[in-house]
Structures are given as C-alpha cells and as structure tokens.
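Welcome! Take a moment to look over the chain shown here, and then we will walk through it together.

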Amino acid sequence: REAILKGELKPGERLMELQLAAKLGVSRTPIREAIRMLEQEGLAVTVPRKGAEVAKMTEKDMEDVLVVRAALDGLAVELACDNITAEQLEQLQNAEKEFGACIQDCDLKKIAEADVEFHEVIYHATGNARLVTMLSNLREQMYRYRLEYIKDEDKRQILLLEHDKILKAVKMRHVEEAKEAMREHIDNQEITVSRNIKEQEG
C-alpha cells in the first residue's frame with residue numbers, strides 16, 4: 001500500500017503474488033488478502049487473465065470520493081460546531097500548529113498525516129460514532145488524492161489558511177461559515193488533483 005501511495009509502484013504495474021511473497025518472506029495467502037484490501041480501497045484492480053495491478057487515478061474516481069467526502073465533512077463540521085469540547089478545541093488548535101510545522105519541513109508523508117489528524121479531531125468532536133466510522137473508511141480512499149494535492153508546494157500555504165478558517169469558524173460555533181470553509185477546502189483539492197491527473201494522462 002505504502003509503495004503505491006509513494007509512487008514506487010506505477011499505475012498498470014502488476015502485483016505479482018509470488019514475487020511479493022518471496023520479497024516479504026510470507027506465504028501467498030496474506031499477499032492475496034492485502035491485494036483484496038487494496039482493491040477495496042481503489043488502489044488495485046483485477047484484470048481478467050492478468051491478475052491484479054495498480055489502479056490508475058481517474059477524475060471519475062476522485063469525483064466520486066470527494067462528493068461523498070464533501071457531504072460527510074459538511075455534516076461533521078456542523079455537528080462539531082455544536083458539540084466540540086474545550087479539550088477538543090485545544091486539540092484542533094494543536095493539530096493546526098503541527099500541520100504548519102510539517103509544511104515547513106516539506107515532508108509529504110508528515111504533511112498528509114498532519115492533515116488527516118486535523119480532520120480527525122473534527123470528526124471525533126461530532127460525538128457521532130457511526131459518522132466517525134464512515135469517515136475513517138473513506139480516509140483510506142482519500143489518502144492517495146491527499147498526497148497528490150500536497151505535492152503542489154504552492155497549495156500548502158493555501159491549505160494552512162483553509163484550516164485556519166475552519167478552526168476559527170468552529171471555535172466561534174458559526175455553522176454556516178464552517179460548512180462553507182470546509183466546502184471551499186474540498187473544492188480546491190478537487191480542482192488541483194483534477195488538473196494533475198489530466199497532466200499525467202497527457
């Protein structure tokens with residue numbers, strides 16, 4: 001999974017069970033299970049008579065994921081405005097500071113993880129365990145697009161500003177401002193990643 005996300009395995013590249021099993025020193029059973037999980041996450045596809053291979057990023061897949069994310073994140077930030085505690089608000093402020101620090105370090109993986117943490121605080125602040133579970137499941141499908149977005153250095157400072165707008169709206173418990181800030185946050189990601197996908201296809 002990490003190799004795909006980091007770009008070490010390219011779209012269309014075969015996921016050979018025997019070679020992977022030998023390289024990792026395991027049997028083919030856990031390799032099959034791992035490939036099955038990659039398929040569920042949209043990171044791999046099974047091609048008839050060829051086996052599994054790394055899935056390409058497509059605009060349609062990204063749009064499908066982000067439509068769901070936009071709806072769920074909008075609900076999450078609305079509920080967070082109503083239910084966030086003083087402790088969770090402090091966690092959100094700390095998560096934003098950590099995100100800013102990671103941007104300065106220019107480590108893509110750390111930036112992505114800090115971005116995830118910022119949103120995770122909001123999700124848990126909803127007080128809705130089922131919503132948290134749904135968003136956690138979506139997180140795996142989002143990770144690839146999240147990494148693609150933050151590859152663009154120019155967008156990292158914009159991301160920081162977007163987080164700040166979300167934080168301030170949640171802190172003031174201004175529901176509509178929070179939802180608008182979240183919507184803008186996701187729309188900007190879609191625009192950038194869509195452009196990157198088109199460039200890669202071209």
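## Starting from one arginine

Arg69 touches Gly74, His119, Tyr123, Leu138, Met142, Arg146, His185, Ile186 and Gln189, leaving aside residues up to four places away in sequence; a contact here means heavy atoms within 4.5 Å. This is a predicted model, in which local features need pLDDT of at least 70 and side-chain atom pairs count only at pLDDT 80 or more, while totals for chains, interfaces and linings use all residues. Residues are numbered from 1 along each chain as its sequence is written, and side-chain values use heavy atoms, with hydrogens and water left out.

Where does Arg69 sit? Arg69 is found in helix α4, which covers residues 59–83. Arg69 counts as buried, at 2% relative accessibility. The cut-offs are these: buried means under 20% relative accessible area, exposed means over 50%, and partly exposed is in between (1.4 Å probe, protein chains only). Arg69 and Arg139 are 70 residues apart along the chain, and their C-alpha atoms are separated by 9.0 Å.

## The whole chain

Now let us step back. The chain has nine helices and two strands; helices (H or I, at least four residues) and strands (E, at least two) are DSSP runs, numbered from the N terminus. Reading from the N terminus on, the order of the elements is α-α-α-β-β-α-α-α-α-α-α. The radius of gyration of the chain is 18 Å, close to the 17 Å that the globule rule gives for 202 residues, so the chain is as compact as a globular protein of that length. That radius is taken over C-alpha atoms, and the globule rule is 2.2 Å times the number of residues to the power 0.38. Along the principal axes, the C-alpha atoms fill a box of roughly 55 × 35 × 30 Å.

How much of the chain is buried? Of its 202 residues, 43% count as buried. Looking at contacts between residues at least 6 apart in sequence, 75% join residues at least 24 apart. The chain exposes about 11,100 Å², and carbon and sulfur atoms supply 52% of this area; accessible areas come from the Shrake-Rupley method with a 1.4 Å probe, and for residues only the protein chains shown count as cover.

## Cysteines and some other residues

How many disulfides are there? A disulfide is a pair of cysteine sulfur atoms within 2.5 Å, and by this rule the count comes to zero. The sulfur of Cys106 is 11 Å from the closest cysteine sulfur, in Cys102, which is too far for a bond. Cys106 is found in the loop between α5 (86–105) and α6. Although Cys106 is not a glycine, it has a positive phi of about 60°. Arg173, in the loop between α8 (153–172) and α9 (175–201), also has a positive phi of about 60° without being a glycine.

Glu117 lies in helix α6 (residues 108–125). Glu117 and His174 are 57 residues apart in sequence, with their C-alpha atoms 22 Å apart in space.

Here are the accessibility values of some residues side by side:

| Residue | Relative accessible area | Class |
|---|---|---|
| Cys81 | 1% | buried |
| Arg69 | 2% | buried |
| Arg173 | 42% | partly exposed |
| Glu117 | 43% | partly exposed |
| Cys106 | 46% | partly exposed |
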